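Please read this briefing with the sequence and the 3D structure side by side, and look up each residue as it is named.

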Amino acid sequence: MATFVFAAGANGVSAAPNELVLRGHRGVGVDQPGQQYRRSYQAPQDLAAFATEPSALAGVTVADQVAATVEVVRRAAAHGPVVLVGASIGGAMVSLVADAVPDLIDLLVYDTAFCCVDLATPDEYMATPEAASSRVGDLLGFIAADPSVIGAIRFNWRTADPDLLTAAKEAFLAEGTDAEFYAFLNSMAPDDLVGKGATPARGDRTRWGRVPRVYVRHLRDRIVSLELQDRMIREADAATPGNRFRVFDLDTSHVPDAARFAELVDIYDTLV
């Protein structure tokens, strides 16, 4: 029986879809080490405290997150094949994990995810012409603290600011309902690691490059544009021509609504 391991993406929370498990597969999410919630984040919010309370992620590094994911992969591999999935910036994480333990991973899945090849970091890819249409800048208004004060990037996903919420819904989940969008926001932890996007995550051709891989393109993505997804696919295929991406398309924004998420689970189900 295959185990799907879902690496943490932005804001550090991950889980296996229930439907995938019900179809007979094992699944586990790998949360970001040290992630915690705080009373100031609850309603009514204490925004002054929220802006100054040190984060539990202060001092946690991308290397710590890689190590936590590697440990889950090791344990899962003892029970059968491992499919390692990364979405969005979680793609950088799965590349680093594949570099560390390529022989323990049977398949890498990049779900509209960063796959660093010619450039070293996700931040560098976001500065390319292919990323010019990205709406990621619309999310900056959610930042609620100075990283140098709290030791992390902190977002207030529970804001009621109508302009911020409208812009974020268009960026993240344009086809979804408001209820789906709010459920998605509440699935994200407020804190994230400083410097995650600036951490080198280029896969080594002799390690990462020998693990079979799949890319799920999100055709309407406004965070990781389709042009940027295609650039990373091309670069990876050129780097390892004997091990090219198998590509699937999903007609959805960065975050699928319920109907498109069901199609994504169908794709996962066919992989094993």
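How far is the sulfur of Cys115 from the closest cysteine sulfur? The distance is 7.2 Å, to the sulfur of Cys116, and that is too far for a bond. This is a predicted model, in which local features need pLDDT of at least 70 and side-chain atom pairs count only at pLDDT 80 or more, while totals for chains, interfaces and linings use all residues. Residues are numbered from 1 along each chain as its sequence is written, and side-chain values use heavy atoms, with hydrogens and water left out.

**Cysteines**

- A disulfide is a covalent bond between the sulfur atoms of two cysteines, and here the term is applied to a pair of cysteine sulfur atoms within 2.5 Å.
- The structure holds zero disulfides, and Cys116 is accordingly in none, with its nearest cysteine sulfur, that of Cys115, 7.2 Å away.
- Cys115 counts as buried because its relative accessibility is 0%, where buried means under 20% relative accessible area, exposed means over 50%, and partly exposed lies in between (1.4 Å probe, protein chains only).
- Cys116 is likewise buried, at 0% relative accessibility.

**Nonpolar cores**

- In soluble globular proteins, nonpolar side chains tend to be buried together.
- A nonpolar core is here a set of buried Ala, Val, Leu, Ile, Met, Phe, Trp, Tyr and Cys residues joined through side-chain atoms within 4.5 Å.
- The largest nonpolar core has 63 residues, and those that touch the most other members are Val97, Ile105, Leu108, Tyr110 and Phe172.
- Among the elements that give two or more residues to this core are helix H3 (62–77), strand E3 (82–87), helix H4 (90–100) and strand E4 (107–111); helices (H or I, at least four residues) and strands (E, at least two) are DSSP runs, numbered from the N terminus.
- H4 provides the largest share of this core, namely six residues.
- A second, separate core has 16 residues, including Leu20, Leu107, Leu264 and Leu271.
- Once its neighbours within four places in sequence are left aside, Leu108 is in contact (heavy atoms within 4.5 Å) with Leu84, Val94, Ala98, Trp208, Val211, Pro212, Arg213 and Val214.

- H4 is mostly covered, since 10 of its 11 residues are buried, among them Gly90, Met93, Val97 and Asp99.
- The cover over the buried residues of H4 includes H3, E3, E4 and helix H5 (122–126).
- A cavity is defined on a 1 Å grid over the protein atoms alone, as a set of points where a 1.4 Å probe fits but cannot get out, and its lining residues have an atom within 4 Å of a point.
- Grid points are joined across faces, edges and corners, and a volume is the space filled by probe spheres set on the points.
- The structure holds one cavity of 30 Å³ or more, and the largest cavity has a volume of about 70 Å³.
- Residues lining the largest cavity include Ala8, Val62, Gln65, Met93, Leu96 and Lys196, and H4 supplies the largest share of this lining, four residues.
- The lining of the largest cavity divides into seven nonpolar, four polar and one charged residue, where Ala, Val, Leu, Ile, Met, Phe, Trp, Tyr, Cys and Pro count as nonpolar, Asp, Glu, Lys and Arg as charged, and the others, Gly among them, as polar.

**Strand E8**

- Phe248 lies in strand E8 (residues 246–250), and, with neighbours within four places in sequence left aside, its contacts include Val214, Val216, Ile267 and Leu271.
- Asp249 also lies in strand E8, and Asp249 counts as partly exposed at 42% relative accessibility.
- Apart from neighbours within four places in sequence, Asp249 is in contact with Arg217, Leu219 and Ile267.

**Backbone details**

- Most residues other than glycine have a negative phi, and most peptide bonds are trans.
- The peptide bond from Ala43 to Pro44 is cis, with omega near -5°, and Pro44 sits in the loop between strand E2 (26–29) and helix H2 (47–50).
- Ser88, which is not a glycine, has a positive phi of about 55°; Ser88 is placed in the loop between E3 and H4 and is buried, with a relative accessible area of 14%.
- Thr112 has a positive phi near 40°, belongs to the loop between E4 and H5, and counts as buried at 1% relative accessibility.

Notes:
On a 1 Å grid over the protein atoms alone, a cavity is a set of points where a 1.4 Å probe fits but cannot get out, and a pocket is an open set with protein on both sides within 12 Å along at least five of seven lines; lining residues have an atom within 4 Å of a point.
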